[in-house]
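Here is a short briefing to read alongside the model.

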Amino acid sequence: MNKKLYFLLGISFTVGLVIVLIYGLFYASRPGEIPSAQIHKTAKSFQATTFDGQAISLKQFRGRPVILNFWASWCVSCRQEAHIIEAAWQQYGSEGAVFIGIAINDTREASLGFIRRYGKTYLLAPDDKTGTISLDYGVTAVPETFLIDKTGVITEKVLGAINKKTIDRFLSGQL
Amino acid sequence: MNTRKLVLFLIGISFAGVLFGSEEMENRVREIAHMLRCPTCQAMSVKESDAGLSLNMKQRIRELLEEGKSEEEILQFFEERYGEWILRSPKKEGFTLLLWTLPGLIILVSFLILLQYLRKRSRETAGIDTSPLSKSELRQIENDLKQL
Amino acid sequence: MLSAFVLAAYAIIVLAAGIRRDSHNLILSARYSSIAILVLVGVAYLALSYAFLNDDFSVQFVARNSSTDLPGFYKFTAVWGGMHGSLLLWELILAFFTATVALRYRKTNQEILPHTLIVLNLISLFLLFLLIGWSNPLARQYPVPLEGNGLNPLLQNPGMVFHPPSLYLGYVAFSIPFAFAIGSLMRGKLDNRWILSTRRWTLFAWFFLTMGMILGAQWAYVELGWGGYWAWDPVENGSLMPWLTGTAFLHSVIVQEKRNRLRIWNMVLIIATFTLSILGTFITRSGVLNSVHSFAKSNIGPAFLVFMVVTLVFSLGLLFYRQSLLSSRNQTTGMVSKENAFLLNNIVFVVMCFTVLYGTVFPLLAEGLANKKLSIQAPFFNTIMAPIAILMVVLMGITHLLGWKKTSLALLARNSAIPFFLAVIPMVVVFYLFSPPWQMILLGGTAIFAGCLVIRELIRSRRARIATDQKIGQPIGFGARLLNSLVSDGRRKGGLIIHMGIVTMTIGVCGAFFNQETAFTFAPGQSKSVGRYELKFKELTEFQRNNARNMGVAIEVIQDGELLDILTPVKSYYPTSPQPMTEVAIRHSVIEDLYISLAAINQDGTATLNVYINPLVNFIWASVIFFIIGFVYSMSYKPVQLRKKRGS
């Protein structure tokens, strides 16, 4: 077997490895960031009862853009985004946008305390004991927000605290 | 202090589910949980993790098993929601087929190359006679040595 | 440290000039500078240790990794609890080894020593550059905080303390043969001298790398609480890869020594081993891959990548340039010979290394090429590596039976017959009793097979030694004969004993196929039966140990009505960490470990436990004894070519 061939093989392997590592360092997404597997798919419907006792389901909001946010009282970043979402609700609610917040792996008192503390007034409901809704959406951490358009398709998933720009961008395209 | 109690309580009530399952059911839950990756942990399986999401997933697996779903269906259930990433061992199809087959291929190829190489070497040295010496040759050598 | 850096640069320049001008004085000066570097780095290290022991929180690194309530022992070891300090430790070891090389080999390897030292000093240069610029452990911070962040409780464990230093000793020790190899390539002096001189370094490196990995596994077993010891985590793989090529190198240099072949291949192996150890550090520190070992992600990744690329390009380029000087002559060899077995051995190890690398890095590939996010974790690696490992164990056993040049198949068959049956019979029994997966059968069977062969070889070599002594007519008594037979033939015995250690470890790993696991909740006074034990909830306990408050459950372990032990798994609350640590309780015995982890103490006073029964796991830790003994034997052997002539 030709020695030159071996060297060529070795060099190309090395070069390949280095390229992969450079890609990993600078271009790949962070290992913890998982994109949603359900982008551009119809959002799974769910039913929940808000903390006020109102029964809601995703289906009833078809035809309106929905911002579905997953949070918990023990989650630090959720405090960051709490007033952002509330402000957006105040701004866009009258135009038809729907804001839903689902509390996962939380107790009722703690959730209510959080709601009171940060003055959240949009539709807020706890997930069930098995976390059905969070599992259906493939939630990996809190906070996570799903942007669902008027036809009921998930257009975007936001990892971590959401910022005003993202909400504005989404809703200006929908409303 | 309150947070701690809260977390303990949450884990406690989630674990209440364990009491209601049979031993074999629990083993099956663990088996399947071990194939799924904990979504919020750094690098653990759902079975090993005690995170809230993992406990939810274990409960879900239990419910699906009780409904009579097969292992494949359950894995598919989670893959549909989380993507292929949730599986700890990639599927043997599509792009990841490359992952599974390449090491085996490399062993095969290197063995073949080695075989070729050895055959070539033994062919090159075929002319050299390495068979043991015959009796007459031995006697001759002994005589020669005695003369030295 | 800045001065050490300057000195390292100086040493390199001096060495280079010394070579050009063939000046003895310049090289002498370089030797002294090696010692000076060592002293300076040593001072820096001591300064850092001092800062830790005195709770000097004006030093940023100390503040991040220590606290006033940390036990003294852990304060000392916290130096390598973070990246900056561990880089300093790495550099300290390297400086020490460099100085040793400079002093020890000045007579024996004169021609290539300057080049070797250049390489070693270049590595030092890189590390010092990092230490000064990017990750200075002695950086100060103002205002000075009153209390530190404390050492991560996971690291407050004896196993964890020795794990990084052992690994670093291994990595750095592999740089020595690497430096010698590159040195001899640079100089163009390509006999086998460098291999003989560095044999002991290679052994030393292998031993400490192995120990480091076992310590890490033992720590994971005891601290992480999921009953396992190896997770095929990217960081773990990072240390496994240089180990695999390092082991291949360890074996194939014997071929070069005895048969003068595989010379280019050995170069490639040692370059790969060194590069992989850098890659391992890169994976650990760069945050490119998800890992249980996630440290605070630093931006030091690119530096290591650049260093790695430069090293690879330079070394491989040099090798290519000099390759004509390295071609071996063809010699007669039968198909079935030790030499070819070693070649196979190398292929197996390299394929294992490639598989680990491939599996570790594949998620990046998948994302780049197919835009898919994938997880490749333990199940994949276990499935793929099992057959290759089985092959390795078989090879390990058979190779002892082979002669260097040629072995008849008949001889091979005759010698393997009994061990084969000794292996097959228990496996058939196990198969009928437990129906384990085929991997376990093969792995266990080959381990027993190899073990029998090793034992037989040990007995044979001892008999041969005794017989030889008797023939020579030495009037020695039984005691002396015994001693003689024990002490002689270090290399062969060393290798055999270490292989015995591998066999033991493999048997321990086989036990994992029979692991049992269960989880349940029970109340005080209740009992639950798990495996052959009965576990009774005795009481809730709470106590203080060192700097943590522990809350746990005392559990009585009963077997056949007899109280065996009381195990107390706890949750430890450290003041510096909001989350409690789970400390498991283990009952060890030869047959199995009873491993209890406390999941939660519930509001109603019940406790939820995860209980594991891990058969044969202590065989893995027991193999350490074999490694130590074998290591000592191997180190005692001096290659024939290097021995001083006895009054000729």
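Predicted model: local features only at pLDDT ≥ 70, side-chain atom pairs only at ≥ 80, totals over all residues.

Residues are numbered from 1 along each chain as its sequence is written, chains are lettered from A and ligands numbered from 1 in the order in which they are written, and side-chain values use heavy atoms, with hydrogens and water left out.

**Chain B with chain C**

- Chain B brings 45 residues to this contact and chain C brings 55 residues, where contact means heavy atoms within 4.5 Å.
- About 4600 Å² is buried between chain B and chain C, with 64% of it on carbon and sulfur atoms; buried area is the accessible area (1.4 Å probe) that two parts lose on being put together, summed over both.
- Two salt bridges are found across the interface of chain B and chain C, each being a side-chain nitrogen of Lys or Arg within 4 Å of a carboxyl oxygen of Asp or Glu.
- B:K47 forms a salt bridge with C:E517, and their closest N and O atoms are 2.6 Å apart.

**Chain A with chain C**

- Here 22 residues of chain A meet 27 residues of chain C.
- Chain A and chain C bury about 2000 Å² between them, and carbon and sulfur atoms give 82% of that area.
- On the chain A side, A:F7, A:L21 and A:P31 lose the most area to chain C, together 31% of what that side buries.
- The count of salt bridges between chain A and chain C is zero.

**Helix pairs in chain C**

- Helices here are DSSP runs (H or I, at least four residues), numbered from the N terminus.
- The axes of α8(C) (residues 193-223) and α9(C) (residues 234-259) come within 10 Å and cross at roughly 150°; axes are lines fitted to C-alpha atoms over the stretch in contact, and angles run from 0 to 180 degrees between N-to-C directions.
- α8(C) and α9(C) are therefore roughly antiparallel to each other, a label for angles over 145 degrees.
- Among the residues that meet are C:W194, C:L203 and C:W206 in α8(C), and C:W243, C:F249 and C:L250 in α9(C).
- The axes of α17(C) (residues 490-510) and α18(C) (residues 617-635) come within 7 Å and cross at roughly 170°, which makes α17(C) roughly antiparallel to α18(C).

Methods. Helix = DSSP H or I, 4+ residues; strand = E, 2+ residues; numbered from the N terminus. Parallel < 35°, antiparallel > 145°, perpendicular 65-115°, else oblique.
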